[in-house]
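Please look over this complex before reading my notes.

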Amino acid sequence: MADPMKIRAQMKGDSAEIRVLMSHPMETGQRKDNAGNVVPAHFIQSITVDVGGKRVIQGQTGPAISRNPVFGFKVKGAKAGDKVVINWVDNKGDKRTDEATIS
Amino acid sequence: MDALRRTLIKGAGATGAIAAAMAAGVLKPSQVLAAEYNRTAFEAKDVAGALKGVGAGSTTESKDIVIRAPDIAENGAVVPVDVVSNIPNTISLAVLVDKNPAPLTSAFDFANGAVAEMALRVKMGQTSMVEAIAKTSDGKYFIAKKEVKVTVGGCGG
Amino acid sequence: MKKRIGALVAAAAMSASFAVLAQQPAKKPAAKAQAKAAQKAPDATTADFEKFRDVLEEDNPAELFEAKGEELWKAKRGPNNVSLAESCDMGRGVGVLKGAYVQLPRYFADVDAVMDAERRIAHCMVKYQGFKAEDLAKKPFSSGNYTPELVSLTTYVAGHSRKMKIAIPQKHPKEKETYQIGKEIFAYRAGPWDFSCSTCHGEDGKRIRTQNLPNLSTPEGAIRAFQGWPGYRMTGGVMHTLQWRMNDCFRQQRFPEPNYVSPSITALLSYMGVNANGQVYKGPGIKR
């Protein structure tokens with residue numbers, strides 16, 4: 001199973017700043033390993049962010065997102081104590097959901 | 001969820017039964033996402049193809065999209081890119097790297113208070129223009145560009 | 001374990017004799033003056049890198065490895081089903097990590113030797129958890145999607161010294177001796193290219209391509225090299241510790257690479273670390 005994400009969510013002014021680190025190889029399918037074999041493509045394809053029970057962000061990503069991806073978002077109208085739920089799904093169907101509370 | 005319906009990542013994608021199911025409110029957008037990755041856009045080999053893939057037939061240059069990225073990247077494997085759209089009613093943002101084998105890196109939709117702003121890290125194979133596309137709720141597409149130079153390596157700190 | 005200590009002692013003896021050979025460090029006073037002048041005008045490229053350093057450091061994937069290390073540190077593991085948290089003394093008492101990393105390498109009475117952070121963790125894994133030293137040394141460095149447990153553990157331990165001053169002790173005679181051995185290894189020229197560590201890292205203003213090379217014999221240079229390790233390396237997206245960094249310098253000099261957690265590396269880390277004493281360690285970093 002994939003390793004947990006690191007989610008930081010805190011209020012800055014009137015919006016919540018959400019930063020997330022994901023543990024994922026983000027293989028392009030073009031890299032060769034030491035033995036010369038092509039490493040198959042393996043990358044996150046979809047990401048969703050829910051705040052306070054509402055879907056606020058959804059996205060799709062390709063293999064050009066850096067390995068161990070980092071994303072930052074801002075959400076207005078959120079408040080301290082709201083739950084942030086982030087989910088990703090990759091091209092092999094692996095997935096991971098983690099949550100944090102806005103501070 | 002309505003706000004997330006006609007946005008960039010669907011592009012030319014959501015068609016047929018899935019689009020119908022979505023319109024009828026049968027499928028949640030998250031299910032649509034999982035079911036329907038916008039392969040056309042992400043596998044396009046050039047910018048024109050990628051833009052077409054996300055539904056951006058024509059784009060207008062805009063200074064209201066701000067791209068923050070280094071002039072010279074320390075390492076092409078991890079290039080920090082920050083995009084903000086100050087265009088009112090921006091509902092989606094996409095980031096492209098012109099000279100990558102497949103230019104589209106990612107596309108995000110914003111709703112329910114999410115600001116049209118995102119920070120990400122992208123891979124760049126070589127010096128290239130980085131482009132940001134913003135889509136507004138009335139279906140218009142805007143674009144901004146910034147060049148990022150990629151240098152050769154050292155010995156790893 | 002006995003075998004392991006035997007091996008370490010033998011290696012230490014080797015590095016002592018290795019050091020004895022190192023009597024003639026290179027001297028280039030004229031070049032030094034020139035380089036100093038050059039360093040006063042850092043070029044535009046370096047300045048541009050610096051602008052985005054904060055951005056990169058703020059959201060550093062190193063945190064993912066720290067989290068993994070925390071899990072490993074606290075879990076009861078190994079043939080003896082013991083956790084490192086309840087058994088391992090990193091120099092500040094069993095299980096105490098705050099400030100441990102910035103005070104390593106240091107002398108440990110239980111083994112009557114000076115150990116650096118990673119070597120000490122490896123020691124604890126063998127002595128208390130019952131892991132085999134040979135197994136830990138089999139594939140000690142990160143590559144591809146593989147991250148050795150010791151790398152995550154070292155990152156976790158280092159994370160407990162964020163924003164703390166480097167204060168590597170030089171009280172015990174063995175700590176002083178280790179520093180001296182490190183200093184001599186640093187200056188030892190050999191190999192097909194007649195290289196020493198100091199060839200690249202003994203003068204100001206040297207660089208490889210776009211990268212400035214710190215002069216480790218000065219406090220300013222030593223902190224630049226101590227800083228940022230363990231580091232998330234953008235190339236390849238892997239986590240590396242100072243053990244890897246040191247071994248890779250040996251490889252680049254076309255020297256045979258030292259054994260994993262060799263006393264020679266402890267000596268080099270003492271030399272570099274003590275030179276950086278008094279400066280603030282920022283925590284696990286991000287490297288090109």
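1. A crossing of helices is called left-handed if the near helix is turned anticlockwise from the far one by less than a right angle, and right-handed if clockwise. Helices (H or I, at least four residues) and strands (E, at least two) are DSSP runs, numbered from the N terminus. By that rule, α10(C) and α12(C) cross in a left-handed way.

2. This is a predicted model: local features need pLDDT of at least 70, side-chain atom pairs count only at pLDDT 80 or more, and totals for chains, interfaces and linings use all residues. Residues are numbered from 1 along each chain as its sequence is written, while chains are lettered from A and ligands numbered from 1 in the order in which they are written.

3. Confidence comes next. The complex receives an ipTM of 0.94 and a pTM of 0.85 from the predictor. For chain C the average pLDDT (the predictor's confidence in each residue, from 0 to 100) is 87, and 85% of the residues score at least 70. Residues 1-41 of chain C stay under 50. Where pLDDT is low, the predicted coordinates should not be read in detail.

4. Back to the helix pair. The axes of α10 (residues 219-226) and α12 (residues 263-275) of chain C come within 7 Å and cross at roughly 120 degrees. Axes here are lines fitted to C-alpha atoms, for helices over the stretch in contact, and angles run from 0 to 180 degrees between N-to-C directions. Therefore α10(C) is oblique to α12(C). Angles under 35 degrees count as roughly parallel, over 145 as roughly antiparallel, 65 to 115 as roughly perpendicular and the rest as oblique.

5. Compare α4 (residues 62-74) and α7 (residues 149-159) of chain C. They pack at about 100 degrees, with axes 7 Å apart. That makes α4(C) roughly perpendicular to α7(C).

6. Which chain does chain A touch, and with how many residues? Chain A has 28 residues in contact (C-beta atoms, placed from the backbone, within 7 Å) with 35 residues of chain B. β4(A) gives the most to this side of chain A, with 8 residues.

7. Strands also pair across the two chains (at least two DSSP bridges between them). β5(A) is joined by 2 bridges to β7 (residues 117-122) of chain B, and the strands run antiparallel. Within this pairing, Gly72(A) stands opposite Ala119(B) in β7(B).

Definitions and conventions
Two residues are in contact if their C-beta atoms, placed from the backbone, lie within 7 Å.
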